[in-house]
Every structure is written in C-alpha cells, then in structure tokens.
Protein chains: 2
Amino acid sequence: MAQKGDLMTARSDIRVLDATIRDGGLVNNFMFSDEFINALYRTNVKAGIDYMEFGYKASKEMFDVNKFGKWKFCSEEDIRAVVGDNNSDMKISVMADVGRCDYKTDIIDKKDSVIDMVRVATYVHQMPSAIHMIEDAKEKGYEVTCNIMAISNARESDMEQALEMVGQSSADGIYIVDSYGALYPEQIRSLADKYMETAEKYGKFIGIHAHNNQQLAFANTIEATARGVSFLDATMMSMGRGAGNCAMELLIGFLKNPKYNIFPVLKFIENQMLPLKESGAVWGYDIPYLLTGRLNQHPSAAIDYTKEARTDYADFYTDLLDK
Amino acid sequence: MAQKGDLMTARSDIRVLDATIRDGGLVNNFMFSDEFINALYRTNVKAGIDYMEFGYKASKEMFDVNKFGKWKFCSEEDIRAVVGDNNSDMKISVMADVGRCDYKTDIIDKKDSVIDMVRVATYVHQMPSAIHMIEDAKEKGYEVTCNIMAISNARESDMEQALEMVGQSSADGIYIVDSYGALYPEQIRSLADKYMETAEKYGKFIGIHAHNNQQLAFANTIEATARGVSFLDATMMSMGRGAGNCAMELLIGFLKNPKYNIFPVLKFIENQMLPLKESGAVWGYDIPYLLTGRLNQHPSAAIDYTKEARTDYADFYTDLLDK
C-alpha cells in the first residue's frame with residue numbers, strides 16, 4: 001500500500017479522538033472531579049479535537065456504582081451536565097465492552113442522545129457478540145466502530161476472519177488496538193496495510209489505539225497514519241492504563257492541519273494533569289511496562305508491581321519469564 | 001534501499017554503543033562516582049555491549065578540570081583505572097569535539113592506548129577541521145567515526161557535500177545525529193537511505209544517535225536499523241542531555257542476537273540509575289523538550305526551564321515562538 005500524506009501537508013480525513021477519561025479512567029477507577037471533566041471538554045473543543053470519549057457504557061448490574069466514578073457508566077444525564085446539547089464541532093463517543101454492558105437497554109436511540117459514536121471493544125474470540133452490538137448501535141442511529149483488542153496475541157488467520165466479519169457488518173470503522181504495547185512500527189505498518197485492504201473493500205475507515213510500553217505509542221500512531229489510518233486515539237499527557245497511550249501533546253504537535261491547536265492542551269496539562277499526577281495517579285512509561293510489552297503480556301503484573309512501588313526490576317523480569 | 005534484516009533473525013553487523021557516561025555526563029558535568037563507572041563497565045561487558053564510550057577528550061586548556069568530572073577529559077590513566085588492559089570483548093570509545101579538544105597532543109598513538117575508537121563530533125560547517133581530526137586519529141591507529149550533529153537544521157546540499165567529504169576520508173563510519181530530537185521516523189528512514197548510499201560507495205558503516213524529545217529515540221533507532229544502519233547508540237535509562245537518548249533497556253529488549261542480555265542492564269538500573277536520579281540528576285522526556293524538539297531548536301531553553309522546575313508550559317511555548 002502506498003504512503004498516504006506527507007510531512008508538509010494536512011490530510012482532511014484525519015480525526016483525533018481524546019480518550020483521556022476512558023483509558024485514563026482505568027488508572028483511577030474513573031474518579032475524576034467535575035472540574036477536570038468540564039475543563040477537558042472546553043480544552044478539546046478549543047484544541048480542535050474531533051471526538052471526545054467520555055468513558056464506558058458498563059453494566060450497572062455487573063459493576064458497583066459506588067466503586068467507580070460515573071464515567072464508567074456514562075449516563076446521558078451525566079454527559080449532558082457537561083456538554084448540554086454539545087453545541088460544538090466536536091463529537092462525543094463512548095466505549096462498550098463485549099460482555100460487560102447492557103447495550104440493549106443502556107444505549108438509547110441516537111435521536112434522544114448527545115452521544116455520536118459507540119465504539120465496541122472486543123477480543124477476537126468474541127466477534128459474534130461484537131457484531132450483534134455493532135448492528136444494535138447502528139440501528140439506533142450511531143456511528144459505530146469495532147475495536148479488536150490485544151491483537152499482538154491473536155492468530156493471523158483468526159484476525160483475517162475477524163476483519164472479514166467486521167467488513168461485512170454495518171460498522172463505520174475498525175481500530176488497530178495494541179493493548180499490550182508489544183508491537184513495533186514495522187508490525188504496525190504491516191497491520192495497517194492489512195486493515196486498510198478491508199477498509200477499501202468495504203468502505204470503512206481505520207483507526208489506531210496504541211500503548212506506550214516501549215515508548216512506541218506516538219511512533220506507531222504516526223506510522224499507521226502514513227499507511228492511511230485516519231482515526232487516531234490520544235490522551236492528555238498519555239494518561240491510560242499502565243504505560244499509557246499516545247500523548248495528545250505529541251500528536252497535536254505532529255499534525256499539520258491548522259484546526260489543531262496545542263496551546264489549550266498545554267494549559268490543560270499544567271492546570272489539570274500535573275495536579276492529578278501529584279495527587280497519586282500513576283501511569284506512563286516505566287521499566288515494568290517495557291518488560292510486559294516486550295514479552296507480549298497483559299500489563300496487569302506490571303500495574304500491580306508499580307502500585308507496590310517496587311524497583312527490583314531484574315527479579316520482576318525473572319518472575320515474568322517464570323509464568 | 002531495501003529493508004535489511006527482520007524481526008525474527010539477528011544481524012551480525014549490529015554494534016551497540018553505550019554512551020551513558022558521555023551523553024549522560026552532559027546532565028551532571030560528568031560527576032559520576034567511581035563505583036558507578038566500575039559497575040557500568042562490568043554491566044556492559046556482561047550485557048554483551050560492543051562499545052562503551054567513556055566520555056570526551058576535551059581540552060584542559062579550555063575547560064576547568066575543577067568544574068567537571070574526569071570523564072570530560074578521559075585521560076588514559078583514568079580509563080585504565082577502570083578497565084586495566086580491558087581484557088574483554090568490548091571495545092572502548094571516546095568522543096572528541098571539533099574546536100574543543102587538543103587532539104594532536106591528547107590523543108596518543110593507539111599502540112599506547114586502551115581506547116579503540118575515536119568519534120569526531122562536528123557541525124556541518126566545521127567539516128574541514130573534522131577531516132583533519134579524522135585523519136590524525138586514523139594515522140595514530142584508531143577506528144574513527146564522524147558524527148555530524150544537528151542535521152535537522154542543516155541544508156540538504158551542505159549535508160550532501162559533508163557526506164561526500166567524510167566518504168573520501170579515512171573514517172570507518174558516519175553517524176546520523178538527531179541532536180534536537182526533531183526528526184520523525186519517516187525522515188530518519190530517508191536520511192538513513194542517503195547515508196547508506198555513501199556507506200556503500202565508500203565501504204563505511206552508518207550509525208545513529210537519537211534524542212528522545214518526542215519519544216522517538218527508540219523508534220528512530222530501530223527504523224534506521226531496518227534501513228541498514230548498524231552502529232546504535234543507547235544509554236542506560238536513556239540518560240543524556242535534555243530528553244535523553246535511546247534507552248539501552250529498550251534497544252537490548254529489541255535486538256535478537258543472543259549475545260545481548262537485558263538482565264545485567266536491569267540490575268544496573270535498579271542499583272545505580274535509580275539512586276542517581278534520586279540524587280537530583282534530571283533527564284528524560286518532558287513537555288519542554290517536546291516543544292523545543294517540535295520547533296527544531298537546541299534543547300538549551302528547555303534545560304534551563306526544567307532546572308527551574310517551572311511547569312507553565314503554555315507560557316514557555318509562547319516564549320519559544322517569540323524567539
């Protein structure tokens with residue numbers, strides 16, 4: 001597949017999605033202050049961000065509303081308390097996990113909702129359920145994407161079949177998701193080419209959601225972009241599970257479209273992200289995440305290890321190898 | 001130029017150079033403890049590192065020996081106090097800056113030295129002086145490289161001429177040096193192809209020295225590698241001026257040659273690098289370095305800003321734009 005775009009011009013098909021609340025919420029159980037969320041919304045609008053993801057549509061049957069902040073559930077009222085009718089150019093998205101939400105009841109008709117896009121997150125072995133959710137959200141009137149997670153551990157033949165299944169579904173877009181931060185740019189380019197083939201065959205767009213275990217989230221995001229991927233996830237100061245994501249400040253610094261503005265992002269980081277970090281929220285590149293990423297493992301062991309503030313990296317590595 | 005190597009096999013032409021003392025010394029004026037240096041030497045030998053750079057051969061006339069640690073000057077005795085006759089498979093390098101060293105007297109004949117390689121660091125406008133230094137070191141019996149710095153700010157026609165000049169010199173290798181951390185992988189691949197043309201024409205090797213201003217030091221290093229670049233600079237925990245360099249732990253985690261061993265690197269980081277960081281040495285990716293990198297500026301303004309522990313990123317950015 002040929003390179004798309006270059007370093008001098010702007011591509012009109014690029015969309016930036018701020019996933020700070022959704023992936024960052026995995027760090028602090030979605031316990032953000034209202035002030036933080038209001039400031040983030042205003043910042044994203046000013047910065048020219050295309051989509052802001054407010055969080056998950058998780059099942060209130062399965063998850064205790066007292067143990068998580070409201071953005072794990074994203075009720076219509078809670079979003080509207082921040083955005084009103086969202087009189088801005090920015091769209092609003094939520095994520096719904098296969099098997100962890102009551103989508104039939106909790107996702108209402110688009111005509112009654114301020115949400116624009118539903119992103120269905122699935123593992124490759126859950127594809128039939130994902131397709132059900134995609135069709136449900138599409139029928140209700142939403143833009144819909146399918147985010148196939150943990151693909152660095154999926155078999156290629158399964159991935160091909162999964163792409164074909166989403167291709168034939170009503171989904172508008174498909175995301176490359178490097179959940180473990182295990183993939184190198186070379187692999188991302190090759191995956192992007194494969195996803196783009198499906199995209200061109202079925203008239204869909206491709207997105208990318210990267211993790212920073214090996215300090216490659218930004219690099220992998222822009223390398224995928226150059227292969228035609230157009231929906232780009234980023235988070236403020238890279239806040240997200242474990243090593244975090246592609247940093248918004250890096251991505252906005254890279255993109256050439258004059259609609260994007262790094263200045264409000266910098267203001268938000270100094271006013272909101274630094275206090276959040278100082279209050280004890282822990283994320284970002286660190287040796288334990290590099291090690292799980294390199295070994296293509298879920299970051300959970302590294303997250304536990306980091307929480308204990310351990311620094312016996314060599315022993316941790318031996319433990320990982322012993323698993 | 002075709003891709004060289006792949007993600008499954010090991011390339012026998014790869015050489016890893018540990019530049020922790022040399023580039024890291026720019027953080028703490030080369031004030032490392034003897035224990036640190038001894039431990040680093042043992043670590044590098046155990047980890048299978050190919051070259052260890054001890055520091056600079058700076059002029060004692062120009063620089064006050066009381067203001068800098070001994071590794072800014074790298075006397076033969078000081079290196080031998082650590083390595084003896086260096087009975088290991090690892091080679092030893094030093095860097096000599098054009099215009100900041102007394103190379104005629106301070107670089108002695110190779111037969112009397114434990115140093116194996118001299119790396120001549122130059123700006124593109126100093127090439128004639130660099131060539132003199134290269135020929136001097138080569139006549140004395142050393143392996144010699146030419147490290148052309150700050151190339152993100154050099155005119156392409158000047159760079160082409162500089163490459164031709166080094167090509168015709170006795171230098172064994174030429175380094176791509178992204179001093180400002182300003183270059184994206186796409187640009188690095190294109191530079192690597194250009195340098196490799198010279199390498200193939202004149203029988204030299206190409207190296208890369210990256211900076212991490214935009215979290216791209218590791219990505220740029222492995223992307224250059226895939227284009228045929230073979231001498232790879234890295235530093236422990238990425239210690240180096242400003243945003244630092246390609247992290248050794250990332251690079252060793254990536255390379256497939258079984259001679260490389262990440263375990264002693266992890267031990268060294270927990271035993272030596274963490275205490276060094278806790279003692280107040282400051283380096284590594286941070287917003288101010290991203291901003292100078294993005295603007296293709298020398299990191300000095302960001303270094304000063306970071307030293308003052310300021311966090312008014314938006315104002316700092318405005319200041320940079322106003323320069």
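**Two chains and their parts**

Modeller: The place of N29(A) is in the loop between α1 (20–28) and α2 (34–47) of chain A; helices here are DSSP runs of H or I of at least four residues and strands are runs of E of at least two, numbered from the N terminus. This is a predicted model, in which local features need pLDDT of at least 70 and side-chain atom pairs count only at pLDDT 80 or more, while totals for chains, interfaces and linings use all residues. Residues are numbered from 1 along each chain as its sequence is written, and chains are lettered from A and ligands numbered from 1 in the order in which they are written.

Biologist: Is N29(A) buried or exposed?

Modeller: A residue is buried if 20 or more other C-beta atoms, placed from the backbone, lie within 10 Å of its own, exposed if 12 or fewer, and partly exposed in between. N29(A) has 12 other C-beta atoms within 10 Å, and therefore it counts as exposed.

Biologist: Is F30(A) buried or exposed?

Modeller: F30(A) also lies in the loop between α1 and α2 of chain A, and its phi is positive, near 65°, although the residue is not glycine. F30(A) has 22 C-beta neighbours inside 10 Å, so it is buried.

Biologist: What is the radius of gyration of chain A?

Modeller: Chain A has 13 helices and 8 strands. The globule rule, 2.2 Å times the number of residues to the power 0.38, is set against a radius taken over C-alpha atoms. For 323 residues the rule gives 20 Å, and the chain's own value is close to that, so chain A is as compact as a globular protein of that length, with a radius of gyration of 19 Å.

Biologist: How many residues of domain 1 of chain A are in contact with domain 2 of chain A?

Modeller: An automatic or database domain assignment supplies the bounds, and it divides chain A into domain 1 (15–278) and domain 2 (287–321). Two residues are in contact if their C-beta atoms, placed from the backbone, lie within 7 Å. On the side of domain 2 of chain A there are 11 such residues, and on the side of domain 1 of chain A there are 10.

Biologist: Which element gives the most to the side of chain B that touches chain A?

Modeller: In total, 29 residues of chain B are in contact with 29 residues of chain A. The elements of chain B that give two or more residues to this side are α7 (185–202), α8 (217–226), α9 (248–254), α10 (262–278), α11 (287–294) and α13 (313–321). With 6 residues, the element that gives the most is α10(B).

Biologist: What relation superposes chain B on chain A?

Modeller: Superposition is by least squares on the C-alpha atoms of residues with pLDDT of at least 70 in both copies. A rotation of 180° with 0.0 Å of shift along its axis places chain B on chain A, with an RMSD of 0.0 Å. That is the relation of a two-fold axis.

Biologist: How many of the residues of α11(B) are buried?

Modeller: The buried residues of α11(B) pack against α9 (248–254) and α10 (262–278) of chain A, together with α12 (300–307) and α13 of chain B. Among them are I287(B), Y289(B) and R294(B). The helix α11(B) is largely enclosed by the rest of the structure because its buried residues number 8 of the 8.
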